[in-house]
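Open your viewer and turn on the cartoon view. We will go from stop to stop, and you select as we go.

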Amino acid sequence: MSRIGKKPIPVPAGVEVSIETGRVAVRGPKGSLELATPPAITIEREGEVLVVRRPDDSRTHRALHGLTRSLVANMVTGVSEGFSRELEIVGVGYRAVAQGPEAIELQVGFSHPVKVAAPEGITFEVPAPNRVVVRGIDKQLVGQVAADIRKIRKPEPYKGKGIRYSDERVLRKAGKSAK
């Protein structure tokens, strides 16, 4: 039995879950999310928890069991608490400027500023010129938008300049050595 798949998913107060064959919809104070589930995996509500079950121990069903449980748990957490990812901008003259909650403008060493528009369901915060916080209810979308922003100017290993996650460590290389 999958260790992740067999764990029940607690449903906090204020979160509504509607389960139909092949579809799960979760609605909470921060918004609503929907997921198409594999036909073999069943999701049932037992009191204040959701339980994900599989029909047998075939390799495919074992893989889908843990995946479906994780996706539904992330949906429940997203609509109740939300997700955020923090990015740091390192470099002389590198900075971010908020253009409202839906867009930011980055100065990261190019001859022009780079504008980044937030997709639907994502908001940006710029608490300091060298910090950007990506917030949303969909964990996958928050991570993808943060990765796309990081991709604009990845941290380089010699001076450490670029955009990095706040918990990321950049391994530094030694530069040229004089003879």
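Begin with strands β1 and β6: 2 bridges join them, and they run antiparallel. Strands here are DSSP runs of E with at least two residues, and helices are runs of H or I with at least four residues, numbered from the N terminus. Two strands count as paired if DSSP finds at least two bridges between them. Select Ile9 and look across to β6: Leu50 stands opposite.

Before moving on, note that this is a predicted model, where local features need pLDDT of at least 70, side-chain atom pairs count only at pLDDT 80 or more, and totals for chains, interfaces and linings use all residues. Residues are numbered from 1 along each chain as its sequence is written, and side-chain values use heavy atoms, with hydrogens and water left out.

**Next stop: the hairpin**

Select Thr42, then find Arg53 opposite, in β6. Now go to the turn. β5 and β6 form a hairpin with 2 residues between them. Click Gly47 there: its phi is positive, about 75°.

**Next stop: helix α1**

Select residues 59-80. This is α1, with 22 residues. From first C-alpha to last it reaches 33 Å, close to the 32 Å expected at 1.5 Å a residue. (The expected span is 1.5 Å times one less than the number of residues.)

Which residues of α1 are buried? They are His61, His65, Gly66, Thr68, Arg69, Val72, Ala73, Met75, Val76, Gly78 and Val79. Buried means under 20% relative accessible area, with a 1.4 Å probe and protein chains only. Show what covers them: the cover includes β1, β3, β4, β5, β6 and β7. Just after α1, click Gly82, which takes a positive phi of about 90°.

**Next stop: the open sheet**

Select β8, β9 and β10. These 3 strands form an open sheet in the order β8-β9-β10, with antiparallel pairing. The edge strands are β8 (95-98) and β10 (114-117), and each pairs on one side only. Strand β9 (residues 103-107) is joined to β10 by 4 bridges. Select Ala103, then its bridge partner in β10, Ala117.

**Last stop: a lining**

Select Leu33, Glu34, Leu35, Leu71, Asn74, Met75, Ile137, Asp138, Lys139 and Gln140. They line the largest pocket. A pocket is an open set of points on a 1 Å grid over the protein atoms alone, where a 1.4 Å probe fits, with protein on both sides within 12 Å along at least five of seven lines; lining residues have an atom within 4 Å of a point. Colour β4, α1 and α2 (139-152): these elements each give two or more residues to the lining.

Methods
Buried < 20%, exposed > 50% of the residue type's maximum accessible area, 1.4 Å probe, protein only. Contact = heavy atoms within 4.5 Å.
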